[in-house]
Amino acid sequence: MNFSVSSLQDWLHREYAQLLTSGAQLLLVLLGMRLQTRDGWLYCFAAIALISVFAWLSTLYRLRALRNTPTSKIASAAQGYVELTGRGQAYCEQPLYSVLSRRPCLWCRYKIEQRDSRGNWEPAGSGQTDDSFVLRDDTGTCIIDPEQAEIVTQHYNQWQEDSYRYTEWQLLEGDIVYVIGQFSTQGGSTLAFNPRMEMNALLTEWKKDMPTLLARFDLNKDGELSMDEWTLVQQAAKREIDKTMAEMQLQPDVHYMGKPADGRLYLIGNISQQQLTRRFLLWSWAHLIIFFGALSGIGWVLQHGAVWP
């Protein structure tokens, strides 16, 4: 099996939601019951406590990001880390189709499993789309890049065909989509334009073709540009730059949302901010309860020096 740090990071990124809500702690309890030894229970309870701490910190991090970031309108959102809510739309006329069910969607993740000779489901393939889509509210539109986002969706479908099991998660066009991430705008209103530098660059370009420059501005035809003629060259270059700047400033603003460069939470979901907050809050309490339960289990085993029947 090929293994690398990047593949591990990709797995953790794609499987985060399943990891938090999985029965990892339950499996460790079952392992302890199977081992039926003092050391076995201690190791299992310690692992449960570590998993619970990690899960609690991760959930708390997400909960704080959602609570501390106010929802903005697209047209008035500040550049930087923001939260948006709107309706999801396709980025272009040609729709994206989900990989397995071939259903029109904005985004999908899929997993394929095959039943082995012992009746267990083994991974046979997985992946997800990374095509951009559009978020629209009552003030404008924003292009959403789902690459490297943590995506939470209510659209889940699973079915079996012969010895294969197929699972698919989707975001659909028309969904009310919630996004928290790095917001940026490109266009006329945000254009960084230095007229002096642009004019110097244009004059340098013109000087590379002196015959054409002389044909345009050498009024006395002496083969050289006098001071007055060079002034005409500069005035023409300034008019050219002013025209270019005016045209660029008329370009419409295009808004983008992507993963923050500083690693902060980038989350997309078709679940409301209130529902997501409630979900993370419940999970944070659940992981705390499991953590203290594991500590109590360690204490019981150390005190009694025995295991449960």
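Start with the largest nonpolar core, which has 20 residues. A nonpolar core here is a set of buried Ala, Val, Leu, Ile, Met, Phe, Trp, Tyr and Cys residues joined through side-chain atoms within 4.5 Å; buried means under 20% relative accessible area, exposed over 50%, and partly exposed in between (1.4 Å probe, protein chains only). Select L84, I144, V179, F183, M257 and I268, the residues with the most contacts inside this core.

The model is predicted: local features need pLDDT of at least 70 and side-chain atom pairs count only at pLDDT 80 or more, while totals for chains, interfaces and linings use all residues. Residues are numbered from 1 along each chain as its sequence is written, and side-chain values use heavy atoms, with hydrogens and water left out.

Now colour the strands. The most is given by β12, with three residues. Strands (E, at least two residues) and helices (H or I, at least four) are DSSP runs, numbered from the N terminus.

Next, centre on M257. Its contacts (heavy atoms within 4.5 Å) include V82, L84, C142, I144, V179, F183 and Y266, when residues up to four places away in sequence are not counted. Another core, of 13 residues, lies apart from the largest one; L66, Y178, I180 and L276 are among its members.

Move on to the charged pairs. The whole structure has six salt bridges, each a side-chain nitrogen of Lys or Arg within 4 Å of a carboxyl oxygen of Asp or Glu. Select K73 and D138, whose closest N and O atoms are 3.0 Å apart. K73 is in the loop between β1 (71-72) and β2 (80-90) and D138 in the loop between β7 (133-137) and β8 (140-144), so the pair ties together parts 65 residues apart in sequence. K73 is partly exposed at 40% relative accessibility, and D138 is exposed at 64%.

Two further salt bridges to select:

- D116 and R118, with closest N and O atoms 3.6 Å apart; D116 is partly exposed at 22% and R118 exposed at 65%.
- E205 and K208, also with a closest N and O separation of 3.6 Å; E205 is partly exposed at 47% and K208 exposed at 65%.

Finish with residues 40-63 and 280-302, which an unreviewed UniProt entry annotates as "transmembrane region". Such annotations may be inferred rather than shown by experiment; their positions follow the numbering used here, and feature names are shortened. Residues 40-63 are 100% helix and 0% strand, with end C-alpha atoms 34 Å apart. Residues 280-302 are 100% helix and 0% strand, with end C-alpha atoms 33 Å apart.
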